[in-house]
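Dear colleague,

I am handing over a structure for your study, with the sequence and coordinates shown below. A description of what was found follows.

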Amino acid sequence: MTNPFRVVVIGGGPAGLAAAEILSAAGCAVQVVEAMPSLGRKFLMAGRGGLNITHSEPPEKFLTRYAEAAPWLTPFLQAWTTEQIRQWMDGLGQESFVGSSGRIFPRAMKASPLLRAWLARLREQGVTLHTRTRWTGWDATGHLTFSQPHANVQPQSGTAVQGSQTLPGTATSASLDHTEKSGASPQADSLQEPDVLLFSQPDAVILALGGASWPRLGSDGGWVSPLEQRGVAVSALRPANCGFQVAWSEAVRERFAGTPLKPVALTFGSRTVRGELVVTETGLEGGALYALSAPLREHLAQHGTADFLCDLRPDISVEDLAKRLSAVRPRESLSNKLRKALRLPPVAVALLREAGPVPTSTAALASRLKALPVRLTGPEPLARAISTAGGIEQSACDERLMLRALPGVFVAGEMLDWEAPTGGYLLHACLATGRGAAEGALAWLRDTHPERYRMPL
């Protein structure tokens with residue numbers, strides 16, 4: 001571009017970095033602003049489990065994972081498909097593979113090599129990366145405002161900044177790997193870039209500040225108030241892919257907290273999900289429960305409690321269970337009987353006892369083991385959830401992901417009101433909406449300033 005458009009991307013997670021990549025490739029002058037000492041902290045945390053970045057299932061099934069949000073997310077998801085994500089990873093030198101469950105992972109099975117290569121590409125495309133720089137909203141004249149510690153540069157005229165320090169936005173190789181393993185703060189300020197003034201009044205803004213889960217990694221929901229003050233409709237932020245609380249006995253809390261239980265099948269309403277559970281001091285968590293978190297959360301909000309049924313032996317019919325139980329000597333204790341007949345671990349026996357009086361007849365006991373009732377009393381706090389439900393309402397955005405109340409301001413990622421299960425769907429939608437917001441910003445800039453728009457050579 002001649003006289004390039006200046007764009008500020010606020011938020012250094014996958015949605016923000018995806019937007020910065022598209023904008024800088026189109027010739028925009030791009031600055032990424034991140035409140036934390038380094039970029040991509042939640043991305044690195046996801047890498048602790050191998051970085052499940054997307055899923056290989058057919059598109060028609062893939063789209064259903066976004067439930068009510070699928071219709072308006074579909075254009076962005078179709079514009080950045082699973083195969084395109086894999087090609088993008090290849091372009092960054094990070095080969096991917098399809099796991100046995102259909103989930104897609106980088107061959108390295110961690111996030112830090114991909115993030116390192118991604119940030120290097122952004123630098124090569126001229127992106128300026130600011131860390132330790134917290135966006136605080138707009139001032140009375142409409143300028144973006146930021147808060148930065150340890151002032152060493154003068155802000156642009158009209159920029160409200162308390163202190164100003166520009167850091168590189170990435171860490172050394174060792175510190176990236178350390179963050180991925182432990183979630184600890186990397187020493188991002190070990191490298192220093194030349195001081196670069198923040199754009200106070202850019203041509204466009206991309207907001208990609210995440211939801212409010214894992215606030216210690218940067219997504220704390222602090223953006224809700226500044227946007228609501230500007231007339232943007234925001235649905236209440238709620239936990240998604242979360243654990244739930246159970247009123248355990250002291251014996252379960254003391255003996256079994258941290259103990260997994262698998263395989264199991266959970267049924268709530270008309271849905272049944274296979275997977276695993278983990279007992280915690282306050283309740284249960286695990287992939288099978290995360291997949292049911294949305295309907296369970298809504299039921300709890302309306303009724304105060306929610307009961308699901310747990311099949312402790314999903315691969316064995318109730319008739320076979322009864323036969324195996326009958327083959328054990330009657331004098332055996334319940335624990336021995338269940339261990340010898342069904343190989344049920346002590347934690348399963350404890351959950352059976354928690355559900356009330358244990359049936360005495362073999363047939364009734366077999367039925368209980370196939371449909372063990374568990375009562376939930378509430379979701380775990382949002383800060384402990386994997387992801388966030390709620391956010392900026394669809395009606396608050398146009399088809400380009402621009403806020404109707406704030407022309408020139410676009411939003412992406414978990415700030416938007418959608419949710420999806422784990423399995424690659426979360427990261428995929430963050431990447432897709434980040435790119436979609438960037439494409440929307442470019443289209444809007446082209447329409448509003450045609451005299452300045454030039455495609456890069």
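Why does the second largest pocket lie between domain 1 and domain 2? Residues of its lining come from both domain 1 (6–148 + 199–239 + 388–452) and domain 2 (244–379), so the pocket lies between them. Please note that this is a predicted model.

The second largest pocket has a volume of about 900 Å³. It is lined by 39 residues, and the closest to its centre are Arg65, Arg271, Ala291, Ala420 and Pro421. By type, the lining residues divide into 16 nonpolar, 11 polar and 12 charged. Several elements each supply at least two residues of this lining: strand S11 (234–240), strand S14 (271–279), helix H10 (287–290), helix H11 (293–303) and strand S19 (387–392).

Which residues of helix H15 (residues 362–370) are buried? They are Leu365, Ala366 and Leu369. These residues cover an arc of only 100 degrees around the axis, and therefore they are on the same side of H15. Their cover includes strand S16 (306–311) together with helix H12 (318–326), helix H13 (334–342) and helix H14 (346–354).

Pro263 lies in strand S13 (residues 260–268), and the peptide bond from Lys262 to Pro263 is cis, with omega near -10 degrees.

Leu51 has a phi near 60 degrees, a positive value in a residue other than glycine. Leu51 is placed in the loop between helix H2 (41–46) and strand S3 (54–55), and it is buried, with a relative accessible area of 0%. For Leu401, phi is near 70 degrees, again a positive value in a residue other than glycine. Leu401 is found in the loop between S19 and strand S20 (409–411). At 1% relative accessibility, Leu401 counts as buried, since the cut-off for a buried residue is under 20%.

With kind regards

How values were computed:
Residues numbered from 1 in each chain as written. Predicted model: local features only at pLDDT ≥ 70, side-chain atom pairs only at ≥ 80, totals over all residues. Heavy atoms only, no water. 1 Å grid on protein atoms, 1.4 Å probe; cavity = no way out; pocket = protein on both sides within 12 Å on 5 of 7 lines; lining within 4 Å. Points joined across faces, edges and corners; volume = space filled by probe spheres on them. Helix = DSSP H or I, 4+ residues; strand = E, 2+ residues; numbered from the N terminus. Nonpolar A, V, L, I, M, F, W, Y, C, P; charged D, E, K, R; others polar. Domains from an automatic or database assignment. Buried < 20%, exposed > 50% of the residue type's maximum accessible area, 1.4 Å probe, protein only. Arc of directions from axis to C-beta. Contact = heavy atoms within 4.5 Å.
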